[in-house]
Amino acid sequence: MATAAMAAAASSRAFLRPHRLLLLPHTHPLRRRLSAAATPFSTAASASVLDVLRERGLVEAITSEALAAARPGELKVYCGFDPTAESLHLGNLLGLVALSWFRRCGHTAVALIGGATGRVGDPSGKSAERPELDVAAVEANSDAIKSLVAQILGRVPEPAHAHDSQPVKNDQPLVNSGSATMGSFVILDNYDWWKDITLLDFLKEVGRFARVGTMIAKESVKKRLASEDGMSYTEFTYQLLQGYDFLYMFKNMGVNVQIGGSDQWGNITAGTELIRKILQVEGAHGLTFPLLLKSDGTKFGKTEDGAIWLSSKMLSPYKFYQYFFAVPDVDVIRFMKILTFLSLDEIQELEESMKKPGYVPNTVQKKLAEEVTRFVHGEEGLAEALKATEALRPGAQTQLDAQTIEGIADDVPSCSLAYDQVLKSPVVDMAVSTGLLASKSAVKRLIKQGGLYLNNIRIDSEDKLVEEGDIVDGKVLLLSAGKKNKMVVRIS
């Protein structure tokens with residue numbers, strides 16, 4: 001029996017050799033880069049990354065305490081992102097933050113885009129099967145997410161050795177940082193190895209090591225099997241597909257840690273089990289972080305308008321900033337710990353400031369919004385958000401221009417009117433015809449209360465007409481009812 005087991009393991013190891021297009025010789029620069037120890041470069045590097053994550057509330061469960069003893073450069077950590085849309089959303093942000101903390105502690109971060117698994121759909125946390133995406137959509141989404149992840153991870157402060165490293169140039173299906181200043185992170189796409197694997201090979205060399213009873217016992221599977229619609233075989237195999245991703249990267253690239261949200265525990269342990277059974281080695285670890293929830297237990301990042309996207313093409317930096325600016329006091333400190341890189345001492349000072357007399361409401365929320373927006377959208381995106389926030393504040397002295405108003409047109413209600421419908425039109429009538437307010441009486445009450453603004457200038461008279469000088473750059477108007485309700489009027 002021992003001989004048979006050894007033969008099976010040898011056969012599986014042969015199956016796991018890199019495929020023709022993915023052959024990474026020992027002399028390949030990427031292999032050297034993944035194996036090289038990163039130089040610690042911040043105070044975080046002097047502490048265990050596990051301690052750092054625990055202090056900030058970013059650890060739900062781990063497969064082994066061995067992670068606590070890892071020295072800088074010893075861990076190659078991956079987090080997976082399936083391309084189910086053309087952008088990641090706020091629920092994915094914790095994965096990017098956690099990868100960034102591993103980088104800050106001197107380890108290598110690997111972002112794995114699920115170009116293959118995205119065609120199947122992860123059942124974890126889902127009550128029904130995901131809609132099927134066609135190949136073109138998956139590929140387009142994958143490319144967009146690779147670009148987005150590269151931008152976000154590339155903004156993390158660099159280790160001291162980064163200026164000496166050179167960007168990897170190769171014809172492998174990898175996306176690397178593309179710049180010597182981006183440091184130790186790599187972006188992969190699992191379609192690059194899955195496209196060469198046949199079903200028969202997979203069933204023979206991987207499937208036979210998976211126990212059905214163990215797979216059914218996974219929480220994500222049990223919930224779906226108990227539901228009215230049940231679970232398809234396609235989704236049932238997802239945990240094996242993700243498990244093989246970990247196995248493949250562990251064997252061929254030295255990736256030894258997988259991280260994910262708490263709903264990924266079953267998928268992660270499927271990978272560590274496959275590594276132990278097929279390769280007959282230890283050293284593969286898993287870590288999960290809590291899902292991003294508000295204090296009432298509901299998901300943070302869901303609104304009436306849908307998901308909070310991380311791509312500026314799907315959600316402007318202004319609206320992204322505003323979402324965090326509106327976080328309730330009860331949540332803001334916890335989000336500051338898990339979503340920003342501010343020191344815990346600084347966060348404690350901010351928490352204490354909220355209890356002092358004279359504290360200006362939303363001061364800490366403003367700091368949270370700035371830090372998260374800077375991480376996701378960079379300094380340029382933050383500057384855009386701050387400019388729009390200030391310029392669109394009723395009563396602000398900032399001179400409005402058409403570009404700033406157009407910048408929020410996708411984030412607030414808007415309409416188009418002909419030039420002759422606007423010029424000399426009573427503001428009271430326009431506030432109703434554009435849908436800003438329901439009736440003229442409501443508009444007149446708001447004017448008396450000092451709450452109606454045209455281009456951020458308070459309207460004091462019910463008889464105010466729109467003059468030529470009120471039309472910003474001859475293109476747009478901005479009507480505001482109080483601080484939050486706005487209407488962009490495009491002039492055609």
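Helix axes here are lines fitted to C-alpha atoms over the stretch in contact, and the angles between their N-to-C directions run from 0 to 180 degrees. Helices (H or I, at least four residues) and strands (E, at least two) are DSSP runs numbered from the N terminus. This is a predicted model, in which local features need pLDDT of at least 70 and side-chain atom pairs count only at pLDDT 80 or more, while totals for chains, interfaces and linings use all residues. Residues are numbered from 1 along each chain as its sequence is written, and side-chain values use heavy atoms, with hydrogens and water left out.

**Helix packing**

Two packed helices are described by the angle between their axes and the distance between the axes. Let's begin with helix H13 (residues 317-325) and helix H16 (residues 363-391), whose axes come within 8 Å and cross at roughly 155 degrees. That angle makes H13 roughly antiparallel to H16, a label for angles over 145 degrees, where under 35 would be roughly parallel, 65 to 115 roughly perpendicular and the rest oblique. The crossing of H13 and H16 is left-handed, meaning that the near helix is turned anticlockwise from the far one by less than a right angle; clockwise would be right-handed. In this contact of H13 with H16 there are 14 nonpolar, six polar and three charged residues. Here Ala, Val, Leu, Ile, Met, Phe, Trp, Tyr, Cys and Pro count as nonpolar, Asp, Glu, Lys and Arg as charged, and the others, Gly among them, as polar.

Helix H4 packs against helix H5 (residues 135-153) at about 45 degrees, with the axes 11 Å apart. H4 and H5 are therefore oblique to each other, and H4 passes H5 in a right-handed crossing.

**Aromatic rings**

A search of the whole structure finds 14 aromatic pairs. Rings of Phe, Tyr and Trp (its six-membered ring) pair if their centres lie within 6.5 Å; planes under 30 degrees apart count as stacked, over 60 as edge-to-face and the rest as tilted. Two of these pairs are set out below.

| Pair | Centre distance | Plane angle | Class |
|---|---|---|---|
| Trp101 and Phe341 | 5.1 Å | 50 degrees | tilted |
| Phe320 and Phe324 | 5.1 Å | 55 degrees | tilted |

Trp101 sits in helix H4 (residues 93-104) and Phe341 in the loop between helix H14 (329-339) and H15, so this pair links distant parts of the chain, 240 residues apart. Phe320 and Phe324 are four residues apart in helix H13, which separates them by about one helical turn. Trp101 and Phe341 are both buried, and so are Phe320 and Phe324. Buried means under 20% relative accessible area, exposed over 50%, and partly exposed in between (1.4 Å probe, protein chains only). Elsewhere, Trp193, Trp194, Phe202, Tyr244 and Tyr248 form one aromatic cluster.

**Backbone and cysteines**

Most residues other than glycine have a negative phi. Asn362, in the loop between helix H15 (344-353) and H16, instead has a positive phi near 70 degrees. Asn362 is partly exposed, with a relative accessible area of 26%. Asp473 also has a positive phi, near 55 degrees, and is found in the loop between strand S12 (457-458) and strand S13 (476-481). Asp473 is exposed, at 53% relative accessible area.

How many disulfides does the structure hold? There are zero, a disulfide being a pair of cysteine sulfur atoms within 2.5 Å. Cys79 is buried with a relative accessible area of 5%, and Cys105 is buried with 1%.
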